[in-house]
Amino acid sequence: MADSVIAPDEPSQPSSSIERVLALFESSPRLENADVAHGYLDLLGRRDPTGAHPGQRLMLSRGLPLIYRRFWRPIGARMLMGLTGPDTAEEHRMALEMLAISPGDRVLDVGCGPGNFSRDFAVAAGDGLVVGLDASASMLETAVREAESDNPAYVRGDAAALPFRDESFDAVCCFAALYLIEQPQRALAEIVRVLALGGRVALLASCNRGPLPAAIGNAVVRRLSGVRVFGREDLTKSLRDAGLVGVEQQVAGLAQFVSGSKPG
């Protein structure tokens, strides 16, 4: 991945957590060549893996991170999970329960946005490492600015082409992001690849409900918004087919929480 990292004219001093992230790469780029000018490690430069639909492009806007935590995310959760579904605080509790993070663990937060979950994971991991990955520069700038400890590190990268070695992370989370990723099945395969033996994965994604088949609902919703509607068995089957065990699913409204672990 060394040739994917673009050196800035005047790089800022990276945190020690960025150095720990670089050590997880297949081919570790030299620290002095890493683009960390904005406090996160930028692997994309001018490349943009985000799709062209309105909902996907919105994630790149400068204004959304300003309202994401207090307004956008809670309202989106109510629309997705209904009035009786888990609120954002309950989502955080569920993620921590599914991932069972221990002090010293390495945790990957795919589609981390402004770092809402990454910050919780950093507390649970103690002296471990939490890596938040997203394609949106504006989201990552907010995550860096709002970091509350020195053990999360943020990476601007492609969820469908993770730069990390096989079995690098003890836990991997992808909450409220998989349905916006342009190649979700490739991203899911990458999540399983970088998950360590005995590691846990936690997903929050859309779930088809009602009389219409998932293919029809997805065709309509995705064309209008960019949000992919997964069938009820799509994610659980993908995880089981990839060899994960203990796969569990909880459906809430139009959302599904899915977890599993890699044998070992």
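**Hairpin, sheet and salt bridges in a predicted model**

Gly-253 has a positive phi near 60° in the hairpin of strands E7 and E8, with 2 residues between the strands.

Me: Before the details, what kind of model is this, and where does the numbering start?

Reply: It is a predicted model, in which local features need pLDDT of at least 70, side-chain atom pairs count only at pLDDT 80 or more, and totals for chains, interfaces and linings use all residues. Residues are numbered from 1 along each chain as its sequence is written, and side-chain values use heavy atoms, with hydrogens and water left out.

Me: How many bridges join E7 to E8?

Reply: Strand E7 (residues 245–252) and strand E8 (residues 255–261) run antiparallel and are joined by 6 bridges. Ala-252 has Ala-255 in E8 as its bridge partner. Strands here are DSSP runs (E, at least two residues), as are helices (H or I, at least four), numbered from the N terminus. Two strands count as paired if DSSP finds at least two bridges between them.

Me: What is the order of the strands in the sheet?

Reply: The open sheet has 8 strands in the order E1-E4-E3-E2-E5-E6-E8-E7, with mixed pairing. Its edge strands are E1 (41–42) and E7, each of which pairs on one side only. E8 also pairs with E6, in the antiparallel sense over 7 bridges, and Ala-205 stands opposite Gln-256 in E8.

Me: Which residue forms a salt bridge with Asp-42?

Reply: Arg-156 does, with the closest N and O atoms 3.0 Å apart. This pair links distant parts of the chain, Arg-156 in strand E4 (residues 152–156) and Asp-42 in strand E1, 114 residues apart. A salt bridge here is a side-chain nitrogen of Lys or Arg within 4 Å of a carboxyl oxygen of Asp or Glu, and the count by this rule comes to 9.

Me: Are Arg-156 and Asp-42 buried or exposed?

Reply: Both Arg-156 and Asp-42 are buried. Buried means under 20% relative accessible area, exposed over 50%, and partly exposed in between (1.4 Å probe, protein chains only).

Me: What does the salt bridge of Glu-146 and Arg-119 tie together?

Reply: The closest N and O atoms of Glu-146 and Arg-119 are 3.6 Å apart. Glu-146 lies in the loop between H6 and E4 and Arg-119 in helix H5, so the pair ties together parts that are 27 residues apart in sequence. Glu-146 is partly exposed at 29% relative accessibility, whereas Arg-119 is buried at 7%.

Me: And where do Arg-193 and Glu-190 lie?

Reply: Both lie in helix H7 (residues 184–194), 3 residues apart, about one turn of the helix.

Me: Changing topic: what does Ser-17 touch?

Reply: Not counting residues up to four places away in sequence, Ser-17 touches Leu-129, Asp-150, Asn-151, Pro-152 and Ala-153. Contact means heavy atoms within 4.5 Å. Ser-17 belongs to helix H1 (residues 16–22) and is buried, with a relative accessible area of 1%. A polar atom of its side chain lies 3.3 Å from the backbone oxygen of Pro-152.

Note on methods
A polar contact is a pair of N or O atoms within 3.5 Å; within protein, one must be able to donate a hydrogen and the other to accept it, and residues adjacent in sequence count only if both atoms are side-chain atoms.
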